[in-house]
Structures are given as C-alpha cells and as structure tokens.
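Okay, thanks for having me, everyone. Let me put the model up, and then I'll walk through a few parts of it.

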Protein chains: 2
Amino acid sequence: MVSIKDIATEIGVTATTVSNALGGKGRVSEDLAKRIRTRAQEMGYRPSLAGRALQSGRTGILGLVMPDLTNPLFPRIAQTLSMMADAQDMGILIADSRGSPAEQSQALQRLLRLGVDGMLVVPQKGTSPDPMPVPVAVINTASDPQNAVSADHRGGGALVARHIREIGHRQVVILGADPVSEVQRDRIAGMTGALGDVAQTTVWGDAGIAQILPLIREGATAVMTTSDLLALRVRSELMRAELSVPEQISLTGFDNMAFSAAMHPSLTTVAQDVEDIARRAIAIITAQIDGRPPPGHGETVPMRLVLRASTGIPAFPSNRRP
Amino acid sequence: MVSIKDIATEIGVTATTVSNALGGKGRVSEDLAKRIRTRAQEMGYRPSLAGRALQSGRTGILGLVMPDLTNPLFPRIAQTLSMMADAQDMGILIADSRGSPAEQSQALQRLLRLGVDGMLVVPQKGTSPDPMPVPVAVINTASDPQNAVSADHRGGGALVARHIREIGHRQVVILGADPVSEVQRDRIAGMTGALGDVAQTTVWGDAGIAQILPLIREGATAVMTTSDLLALRVRSELMRAELSVPEQISLTGFDNMAFSAAMHPSLTTVAQDVEDIARRAIAIITAQIDGRPPPGHGETVPMRLVLRASTGIPAFPSNRRP
DNA sequence: CGCCTATGATTTAACGTTAAACTTCATCAT
DNA sequence: ATGATGAAGTTTAACGTTAAATCATAGGCG
C-alpha cells in the first residue's frame, strides 16, 4: 500500500505538503501540487480510510438496517441509497434485523461497533430504534418527524380507493397482512377514508384470505390489498373459484413489485418513489452528521397509482348479484 | 468516545495493559484483567475500528458487488452474507454495478477506496472482474475455480428436465432470458442434456415468448424457463390463450422466488442453496485474507428441485394433438 | 537599511490501538 | 550468595492522515 509518506519521500517534500496538495488545503505552489498529484496517480495512491478516520473521527460509512433483507423494498432502497452515498464518497454497510426487535438492536450495535457515522433504519413493525450515539434517519415510520422520511402510505391508500370508488364499486374487501405494521394500518386508513360511503370490510392475513370468497358471495366486487404478494395469492384463490379479474372482481396491490406487471391480468398497484425517499434519507443523515439542521420536517413522499388491467367497472355494482 | 487510554488512566495502568487485558494477550494478572474488563464495560468502551485498522492494516470490511441490486438473488445473498460476516465480526459494504461492466469496475474501485479487505463479486453477465489488490471471491461464475463458488446451474437444469421427461413429456420449449448470461446458458445446457431424445426448441427473451404459442400448437406440452419471472409471464400468455396449467401445459421456473409459491398454480422451480453459497464465499474470502489456502476447489453447490403444482402428466404426450 | 507581509513549506502533535522490546521484582536451584 | 527463570507491567514505536503552529525566504515600502 502506497502511503502519503512514500509520495513525500519520492518527491522530496513533507507528508503534510502532500496531504495539502491532494486535499487542496494549506499553501502549496500550483506547480508542486500538480507534480504531487500526478506522482500520486502514478504510484497508485489510495488514501487510507483508517488513517483519515482516526484523524477526523469519521469513517464515511453509513449503516443500513432493514427489518428483513428479503423485504421487497430492500433492493431498490439499497440500490438508490448506495448510489446517493457514492456521490458523497460514503459507503453503505448493511445489516439484517431478522424480523425481531431484539435482532434489530443487535444489528444496530454491530454496525456501531464497525464505526458507522450514521444509521439509516427501516424499523421493525411497531418499534422505534433505541437512541443511538450517532445520527439516525428513520425510513417509513413517522416516529420523530425531525429525522423521519416516509412514503405517504395513507395517501397511497386513498389513491387506489378513490379509483375503485370512481369506477363504480359499491362493496369492497380490504386485505391487510399484519395489523401490527404501522405502514399497513396507514395504507388501510387511507383506503377506508377515501371509500366514503362504499361498503367495506377489512380482513387480515391468512384468515382474511379465507374470508374473501364468502364476502364476494355477499356482494363485494373488489379486493384491495396492502401488498402485491397478497394480491397474487388472492388472484390464485379467485382463479380456483373461477372468478374472472377484472370482469367479476377488481383486484389491487401495493408496492409495484417486479412481478406485478407480469401477472395476468397485470396488477393495478401503488408505487413508492423509492429514489426520492432514499435521497431525502441521505440528506437528513448527512445534514445531521455535519451538524446542520436537517432539511424539511418529516414531509411524506407522495405515492403514485399504477393503473393496470386488474381493475375495471364491475359487472354487478349493486350490493347483491341477481 | 471512550478510548483505551481513558480506561488506563482511570485504573492507573498503561494503555498497553488495558489492550492486553481486553484482548487476552500478553501478561496481565487475572485479577487486574477482570478489573479492567468490568471498568471498560461500565464506561461503555467500544474499540475504535479506525485505530485497530491503522495498526493491523485491516478494516474488517468486505465489499459486495452485484450486477444489479434489484436482482432477485440479492436479498438472500446479502442477508446470508451479512449474517456470516457478523459471525466473524466483519461488515458488508454494498455497491451496485448498475448493469454495465464499466459501472462494475467503478463500483469495485469505490469499495476499494473505502478500504475493504476483500471483495465478493457476482459479476456482470459475461464479464470477469478486473484484477484487484485485495482478495476476491467470485460468485456464480466459474472463472477461476480457485476463488469461485457457484450453484450447479447445469445440474439444476438437469433436475427439472429429468422431471419433465419422467412424467411423460415428449416435446418441450425452453425459454431463456438472455443468451449472454453464462448462468442461463448453463441452466439450459443442463436441461438439454437431461432431456435426451425428447424433442426440444430453445427460444430467448421477449421474442421467444412470442414463439411459444406456435410451438405449442405444433405439439409442445411443457415450457421450461430459466427464471420464475419468465415463467410468470408465460403463465399470463397461456392464460390469454386459454391453455390450462398443468393439465394442458406444464411450466417450470428457476430460483424459487417469493411469489412462485403464491401463483396459481404454484410453480415448480429450482432453488439455490444461497446460504451454502454465501458460506463458502465467505470461507474463501477470509482464507485468502488470512493468507491461508482457500478451502475446496471451485466445487459447485447442488441445486434442489421444488415440485409444485405447475407440472403434471401431459394430457396428450404425443407429438401432435388429435 | 530595516521592517512588514505574503507565500511556500516544515515541524510537531495527535487520533486509538497494539507488537516488540524492555524493566522490575520475586522465586528458586545450585 | 549467585545467577537463572518467570511473571507482571511499562516504554517505545509505529500504522496514515491532517490541524495548528512554526520557520524561511523574497519582495515591497518607508
């Protein structure tokens, strides 16, 4: 490994001068600076993060903790975060909280031990992360509006619900995965709010899926879910019951996952602007690290309705079929 | 931040003694060592990675570069790698090569600059990573058997193909996503090998999907794909053509993605033992970092056939339907 | 000529940790 | 008594970088 000293002795100056030349600080004649830069380049110099970190107290590394790395959102978040971080010459260290709040704390501790400058956390359902000795940005849970950034799940729910209402549905089923999840509750709250006087029943999880066919027999013409994966499972149930989508039943998902466009019929769903969320999270974190006031105050990022083929005008919009 | 020195002055010994006590090296009386450990605990001491890294020349951080973080494999690889790494007190820094080989090099450079001790690379289709100044483990491409670990894609292909042949199919279509991908080519090679005298046609990508219905009209009774997502798209096509799965057409995927169990019918597919792959990759990398010879010599990790409802005995196994 | 200022570079020190060499003191065999 | 052995700690130094303070030199000005 080439160090700043090696360059210094090669050229015949001091380490400090090389540091200044490369960093653009202090006083170095433009001539010498250029010479140093080219020589450094030639010798394949790479600044040692460790040395710098020791001196500055900063590692330039952020930790990313997600409830479950197999979470559908993770890849896109990770991708965008890593690009944003790159742009600031920072790195993203990942950790998995493996579903449990206890593991979440451990993951945070591990990242802390590795010396991250800040933490990006997508918290476990229903938890908020322990207080940390480094800045934290919380994603998708509005714990403390100062450091949180979230998609507007409520607004997203309202978007689909309004669509369903406007195309004429008068009785719908809402299916959530887990009532513990604040995100899911928000989505559903948005739906119920926008449905207004449309008749609605909310059901949860596997038990909820089993209740759907009976509810359809009682006149429901649309099923709104809080995740594309749930929607796919409902689609399977409907197929088994020989109910056609969207002719007899309209179906909606959430999150615009990769497969939702490939299903038949392609799934109407709601997309998060993950890129915007990631950008804001990074902005919050870097601001805090640099001791600046975090920008914005917990505004949420709007969601977008993705209209596809799984929703349509109900054949029998009345409460009960003939 | 509490440093080793703080503890030293508190107790009235030298920094070295504290370091020795905590690290279990050197000579320290058990009595004193205990006192030091408890005091360190009380003061909330966390060793500085930077200091250690500077001294040892190691950061304890590995880089993970994937072609595309939205790759279906990524979450599971990342999850397992991060757990394995944790176990060795290491961290995983992620980077996205954004689809292009050029970006792949840049991603590697970035991680290098951040000071990783080693690199885990899932290379771009058809590329192998540039030589690196740190150890590298290559995943899923058998470039150099010394440092590569891969699922047995060929064997996986053979598994599904054998299944399809054994249940009586005599004419099949094979659908791949991209002929440039070595992984996909291996999977298909495995399939064609195991099909033996079964009539077969291989088609690729979007154009390939369009060719499937004609081929079925000519008598094909099974469609084998190299990815679950492709299978889902084929399923949609079949549905549009009112062909039932598996009664009329059998369908298979690859990778056992989250949705493949939720589809209707649930998808017969091939699963990678991602955990084993990750474990071996970490073993290879840590061995190289420690200067030990890498264990094993590029053996591949067997794949597993996941039998579900999308494959069955063909109604008309003959070459042409009545 | 002597003083001030600006410029260009050097010296010093520190960040936290640990390997290696060294001191101190007690114990024990000859 | 004399040296050898060993245990318990200490001193020194180094890893790479950079902030702060210091030194040297030249040119401008009264």
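So, which elements each supply at least two residues of the surface near DNA strand D? They are helix H1 (4–11), H2 and H4 of chain A together with H2 and H4 of chain B. Helices here are DSSP runs of H or I with at least four residues, strands are runs of E with at least two, and both are numbered from the N terminus. "Near" is a C-beta cut-off: the C-beta atom, placed from the backbone, has to lie within 6 Å of the molecule or strand.

Before I go on, the bookkeeping. This is a predicted model, where local features need pLDDT of at least 70, side-chain atom pairs count only at pLDDT 80 or more, and totals for chains, interfaces and linings use all residues. Residues are numbered from 1 along each chain as its sequence is written, while chains are lettered from A and ligands numbered from 1 in the order in which they are written.

Back to DNA strand D. It has 25 residues around it, and the closest are A:Ile4, A:Ser48, A:Gly51, B:Thr14 and B:Thr16. By class, that surface has 9 nonpolar, 12 polar and 4 charged residues. Here Ala, Val, Leu, Ile, Met, Phe, Trp, Tyr, Cys and Pro count as nonpolar, Asp, Glu, Lys and Arg as charged, and the others, Gly among them, as polar.

Now DNA strand C. Of the 26 residues around it, A:Thr14, A:Thr16, B:Ile4, B:Ser48 and B:Gly51 come nearest. Two or more residues each come from helix H2 (15–23) and helix H4 (49–56) of chain A, plus helix H1 (4–11), helix H2 (15–23) and helix H4 (49–56) of chain B.

Let's move to a sheet in chain A. It's an open one with 4 strands in the order S7-S6-S8-S9, paired in parallel; strands pair if DSSP finds at least two bridges between them. S7 and S9 are the edge strands, each pairing on one side only.

How many residues of strand S6 (residues 171–176) of chain A are buried? 6 of 6, where buried means 20 or more other C-beta atoms within 10 Å of the residue's own, exposed means 12 or fewer, and partly exposed is in between, with C-beta atoms placed from the backbone. A:Gln171, A:Val173 and A:Leu175 point one way, and A:Val172, A:Ile174 and A:Gly176 point the other way.

S6(A) has 6 bridges to strand S7 (residues 199–204) of chain A, one of them putting A:Gly176 with A:Trp204.

Most residues other than glycine have a negative phi, and most peptide bonds are trans. A:His264 and A:Pro265 are joined by a cis bond, omega about -10°, and B:His264 to B:Pro265 is cis as well, with omega near -10°. A:Asp89 has a positive phi of about 60°, and B:Asp255 has one of about 105°. Buried or exposed, then, for B:Asp255? B:Asp255 counts as buried because it has 25 C-beta neighbours inside 10 Å, whereas A:Asp89, with 10, counts as exposed.
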